[in-house]
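Dear colleague,

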Amino acid sequence: MDFYMMNCELLATCSALGFLEGNTYHKEPDCLESVKDLIRYLRHEDDTRDIRQQLGAGQILQNDLLPIITQHTQDKPLFDASIRLMVNLTQPALLCFEKVPDDPAFRHHFLQVTSYLQAYKEAFADEKVFTVLSETLYSLLQLDWEQRNEEDNLLIERILLLVRNVLHVPADPCEEKHVDDDASIHDKLLWAIHMSGLDDLLKFLACAQSEQQWSFHILEIISLMFRDQTAELLVSAGQMRSALEKQKDMVELELLRQKELAEKRSHAIQRGTRHSRFRGSYVIQGLKAIGEKDVIFHQGLHNFKYYSHDVGKALRRVPKRKLIAQDSEGQRRSSLNVRLFLREFCIDFLENCYNRLMYLVKEGLVRERAQQHDETYYLWALTFFMAFNRGQNFRPDLVSETMSIRTFHFIEKNITNYYEMILTDRKEATSWSRRMHLALKAYQELLLTVNEMDRSKDENIRHSANVIKSNIFYMMEFREIFLTLLRKFNEQVQPRSFLRDLVESTHLFLRMLERFCKGRNNLVVQKKHVKRRKRSHKTPHPETTPEDLENTWQIVSEELRATGFQLSESLREGAVPFDAASDTPVTKQRTEALIRIQDCLMSRAAPEALSLLRAARAVWPEEDTFGSVEVEPEEDLELLKQILFSKLPRSVPVDSTVVEEEDGVELEEEEELESVALSETEFSFLDFIKRFASPNIVRPYIILLRTYTQNSAHTNHCIARMLHRIAVDLKMEALLYQLSAFCLFNKILTDPAATTYQELVTFAKFVMNRFFVFASKNNKAFVELLFWKNVAAVREMTEGYTKDGVGSKKKAKWTPEEEEELQRLYEEHKDSEVPDIVETLIPLLSNSRTRREVVSHMVSMGLVDSVKDLKKERKGTRIVLWTEEQEQELQMLFEEFRHSDDVLGNILKRTTAKRSRARIIHKILSMGLVSDCKDLYKKRRRRAPGKSAGMTEDEFFALTRKSQDGDMERDEEEDDESDDDDSEVHTGLSREEKKSKDGAGAPERNRNLSVMAQSLREQGLSGPVLWLQNSLNRTADDREEDGVSHPVALVPLTEENEDAMENKAFQKLLCKVGVQAPADEQESFWRIPSGLSVSQLRTLAASLDLVEQTSAECDNENSGAVEMLEDEDNQELRAQALRALLLSRHRKNTPANANRSASFEGSSDAVEQSDQIEGKSSKKRSRVLDSDDDDDDDDHRDITDGDSSSRIISESGVHSDSKAPAAPAKRRYKRVLSDEEDEDN
């Protein structure tokens, strides 16, 4: 299709717009509808963008749209529609085609659209057009935010987008063949923007508080305005050159002149003064031709250095994926007036807009309110304006927004992301590389600014620079980013300009780091290392006799008594029984703490054991597992003795014979758990430099050194300095013994202008001299030139080569004699029907071999077809059927051990055919030997308190909490023991512990809590005590309703509660209740632990009630509660109140032994025993409310106390009637009371 032949409908629509007569445009009556029709046509164009190309060929924008907006501005609908159409026509070609097309036909359309855009840009380089746009934008910005409607905001955005689109059009290199200081189309466009005043509006939008939504548009327009500009050129615009700059230019000119003269002298020496009509022929000795003879050279000697065997050959086409990336950045010096205007714009922007605009853009990027890749404009603005600030009277306060550690982290994160996208998105790797280059230049500019701050005369600025540097050098990510980029450099994706900036940034960073380390003896930095935890192969704990335990205890007790139970400060701080960050459950950590204490006692480290015991008591105070908070030293001694003589459950060691060969030579890998751990270590600058001694890092430096003639003097200095660090500082010059590097050194040494690169020449001579000295000692040195070498190869090359198999981890080879021996042994035993032939052969071999080596070599020799034939058979996995003899054996073993304590354990030990526990149980049940599998489990019996030797963990926990149950509980425990040996070891609370924790010791502990709460009330802390009580009740209700237990933080919201949390006495009460203190600096509040059950929480809350001195009031209290319940005829609540009455009287029983002998079977028995203790003295419990209506709420408190007491009885191990415990009714009744209390208050 010929796009110059416009479609008839499209031509008619364009004709209906109007016509241009001279400089006056006459619009047609249907002009507005025609503009809307063109917008509609563009919406339905095809993939070739045919409508856009036809409108471009017809120059509709130049001849119609621009005159319409300049001459018919007052027609607002037409003006808005024209702006909308121009925004569509000027959008970048990349947006139209989504990418640069690979298909030739579509690529032609892409280039055609680009050419039309370049024509549009030239038409927009008119001051009148931008004057109309700036005036319209100014009038819209004059409106307050409330007065603007949606159409006004759309018009503002479209004007900004139109300016963005026009500035985005690339220059045509074929048409714009201008030299520096000449005005290009882009310069004319910038000058029109300046003359129209649009640049001032852009600065206003950048700093206005009410125009934050346009921040990304403004930043994008500014970045396009300064395209092809450099900060150094703008800083020097319009200023006289200093004497230093003039001297620098003179030196550069003199060097170029010397280089030219040296080349002329070289040519004069090679070519004689008399012209030869015959070029001559020469024989090149030592260089063989295709045959056996030497090469004959038929040209002049001056051309010999260009000779190569490849001369005359057809050039091999390089694949596109292997082409070296080309630099896309171009710099051009604009005309002087444009540079002056841009310089003033930069100064005003830095002083008034930079910090605010960059803050808004950064917030939008972090909160993901921006479009894709908008961070590139942020990175460009950071690089450009910070570089301009460094050159223009450096002021750190003007760029303070981007001078922070957060900015370093943001850029480092983007660099990492760009690198990952280069690897994953191969098709767009070039685009991701450009973005990565932008991020690298931003990082480099940050380092340059910090370096400039470090050289400032202001002490505060230097201090700020030191703070920033200390943070940069401390973080591992910031230190190793250059190492990573150098290792991963790929010249097929990343251009030479990227490598140049990377090398210069690395040089700057190392120089700053070296200077920072010189003034400090020890610099501590962060270090990350990956922890790999394999399955542990622990050795079983050795068994100890009672005599050894007695001797150990005698030594430990004497040592503790000699020290007076006093511990040093280091022991108290070093004892850490609990790790909050660990994945191990809390109950298991408690058991591990007991095992650690026992290990300390076994090793006779008494002070360490005592410190661990006291630290564990502080961590787990609620269970009294490690003793109560207020404990005497002698009680600590008794507790340590019980721990020493207890049989604690230890981890079962992993049988090393179980993990064997699974699939040939590759064995089954052990499970590994990786976790990144952070630690601090002392930093050594020399050790850090050693990490650069790698061929992956030296190679990019050699690549950049190839273009030494095009590099700047500073770039060549950076390369030479890094190579000097490796070769001289680290004495690793052998790392540079590589043929490509030597060819480059030879080129530098033979360069006629070698005096210009004196630093490179000196270094090249040093390396070559060291190599020839090394070659005189090592006859393989010239062969080593062909390969890049790592540090290990360099050490081997300089210190001597090692023999095969010596000092290495390589497998030892099999000799023919060993192979013959292996084959002979296999032939002898292959028919012996042994269960594992490999295990039989290994001890018979003359040389020791591992199972893996034997199996792999047997497969390689062809003795077996596959490693599966030699796979070790695991125990108890293949035996399924039971023979008659095995069934008889099982029956005999059962009859023999049926009355023992561990029936199943004895059978497992003595059976010949090893089977799993589950299969033996199933077989015994199927044979009818037992009716219930519980009869096979190990029976555990309770020992007397005095016999501590052989005490189990459950018995130890029960004894430390002083819980003793009745005969009925003991019988039930024996009936309920099940499956302890078949399952893994449990470290949580046993049934016995759950029964005993609310048993006989609860009243005593409750009385202690009541006394402590009463003393705090007398000190004026009644409000915080009530707050704690309510928090416990509320937590209990939440856990009962949700069925899930989580730690709950105690957050004091009032000033009174905050003061109480800092009170030592109140903290002691919290510890007594079981509330956990903050574990480390990351926690701020005390927490109700998840281990407290609902019954425990309600018991503790009830224990905090006020204690009175008369028991009569308590009787009235409970009787009043019963009367209220009788009035409501609620039999269920009546039973609860009776149980509350029983507990209230039962707690007042002074002798502790009375509680131990009590055994309740139902509510009727509870009432009978309550009558027997009715006359004893007691103390009343009630809540204290911070209200003036305390007397009016007594009834509610009494009933609430009864409710709490009923909960204590129902969950403390007392066996009441099954029809009584109606928990939902209790919760409903409590809620009603709480509502009435709120109304009264």
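What follows is a short account of the disulfide search and of the salt bridges.

Please bear in mind that this is a predicted model, in which local features need pLDDT of at least 70 and side-chain atom pairs count only at pLDDT 80 or more, while totals for chains, interfaces and linings use all residues. Residues are numbered from 1 along each chain as its sequence is written, and side-chain values use heavy atoms, with hydrogens and water left out.

Searching the whole structure gave 0 disulfides, a disulfide being a pair of cysteine sulfur atoms within 2.5 Å. For C207, the closest cysteine sulfur belongs to C353 and lies 4.2 Å away, which is too far for a bond. C207 is partly exposed at 31% relative accessibility, whereas C8 is exposed at 65%; here buried means under 20% relative accessible area, exposed over 50%, and partly exposed in between (1.4 Å probe, protein chains only).

The search for salt bridges, each a side-chain nitrogen of Lys or Arg within 4 Å of a carboxyl oxygen of Asp or Glu, found 33 in the whole structure. In one of them K76 pairs with D80, with the closest N and O atoms 3.0 Å apart; K76 is partly exposed at 39%, and D80 is buried at 16%. Another salt bridge joins R343 and E344 at 3.6 Å, N to O, where R343 is buried at 11% and E344 is partly exposed at 42%.
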